[in-house]
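Please keep the model open while reading the numbered points below. They begin with charged pairs and then move on to strands, a surface patch and an annotated span.

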Amino acid sequence: MASWGSSSCLQNYSLTKNPFSETVKFSERTSILTIVAQKKAKKVRKIILKEDISQLGKKGDLLDVKAGFFRNYLLPLGKAQIVTAALIKEMKMEDEKIEAEKQRVKDEAQQLARIFETIGAFKVKRKGGKGKQIFGSVTAQDLVDIIKAQIQRDVDKKIVNLPEIRETGEYVAELKLHPEVTARVRLTVYAN
């Protein structure tokens with residue numbers, strides 16, 4: 001009975017007090033006890049690849065990979081490293097150096113192409129046969145030797161695209177000096 005009396009006593013107490021103040025206290029308690037569900041955080045690392053990896057990327061690529069994959073596979077084998085501001089700055093500087101070198105090579109190729117076009121025609125002597133025919137043919141190696149003798153420039157015979165020359169006359173050969181630069185060289189073949 002004591003419990004019955006104490007609860008009625010409690011009811012009387014709550015009736016005499018302001019009912020709104022009790023409600024506010026009750027709502028404050030519920031907000032404290034409220035449990036909020038949070039999403040599981042994805043553990044991802046920003047990395048830079050140090051070498052080409054099939055199905056992942058090429059050397060220098062910036063990627064987001066799972067932390068476990070980085071920690072257990074890429075890092076121990078030395079295939080990647082975590083991105084830092086200093087590393088990104090270093091990569092940009094290296095890319096600029098590579099671009100500058102590519103531009104320098106292209107400029108040299110364009111300059112060499114202008115030299116070939118201003119020269120005019122290279123003259124090739126061959127032993128003559130009947131009519132316009134010559135003995136043998138003019139090859140890419142012959143053109144490379146003539147270029148070296150006349151303008152003291154070494155040219156690889158693999159870059160020379162030469163039509164089949166078995167007669168006297170004028171021909172045009174193409175020299176692929178750079179993937180974006182092609183020089184046209186005229187050849188005058190005559191019999192002696």
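1. In this predicted model, the side chains of Lys106 and Glu180 meet in a salt bridge at 2.5 Å, N to O, a salt bridge being a side-chain nitrogen of Lys or Arg within 4 Å of a carboxyl oxygen of Asp or Glu. Lys106 lies in helix H4 (residues 85–119) and Glu180 in the loop between E8 and E9, so the pair ties together parts that are 74 residues apart in sequence. Helices (H or I, at least four residues) and strands (E, at least two) are DSSP runs, numbered from the N terminus.

2. As to how the model was read, residues are numbered from 1 along each chain as its sequence is written, and side-chain values use heavy atoms, with hydrogens and water left out. Because the model is predicted, local features need pLDDT of at least 70 and side-chain atom pairs count only at pLDDT 80 or more, whereas totals for chains, interfaces and linings use all residues.

3. Is Glu180 buried or exposed? Glu180 is exposed, with a relative accessible area of 56%, whereas His178 is buried at 14%; buried means under 20% relative accessible area, exposed over 50%, and partly exposed in between (1.4 Å probe, protein chains only). His178 lies in strand E8 (residues 169–178) and, leaving aside its neighbours within four places in sequence, is in contact (heavy atoms within 4.5 Å) with Lys102, Val105, Lys106 and Ala109.

4. Strand E8 runs antiparallel to strand E9 (residues 181–191), to which nine bridges join it, and a hairpin connects E8 to E9 through two residues; strands count as paired if DSSP finds at least two bridges between them. Ala173 has Val185 in E9 as its bridge partner. E8 is also joined, by two bridges and again antiparallel, to strand E6 (residues 160–161), where Val160 stands opposite Leu175 in E8.

5. The structure holds ten salt bridges, including one between Lys148 and Asp154 (2.7 Å, N to O), in which Lys148 is partly exposed at 45% relative accessible area and Asp154 is exposed at 65%. Another links Arg166 and Glu164 (2.7 Å, N to O), and here Glu164 is exposed at 61%. Salt bridges that share partners also join Glu101, Arg104 and Glu108 into one network.

6. The UniProt record, an unreviewed entry, places the feature "domain: Ribosomal protein L9" at residues 57–84, and its annotations may be inferred rather than shown by experiment. The end C-alpha atoms of residues 57–84 lie 19 Å apart, and the span is 39% helix and 29% strand.
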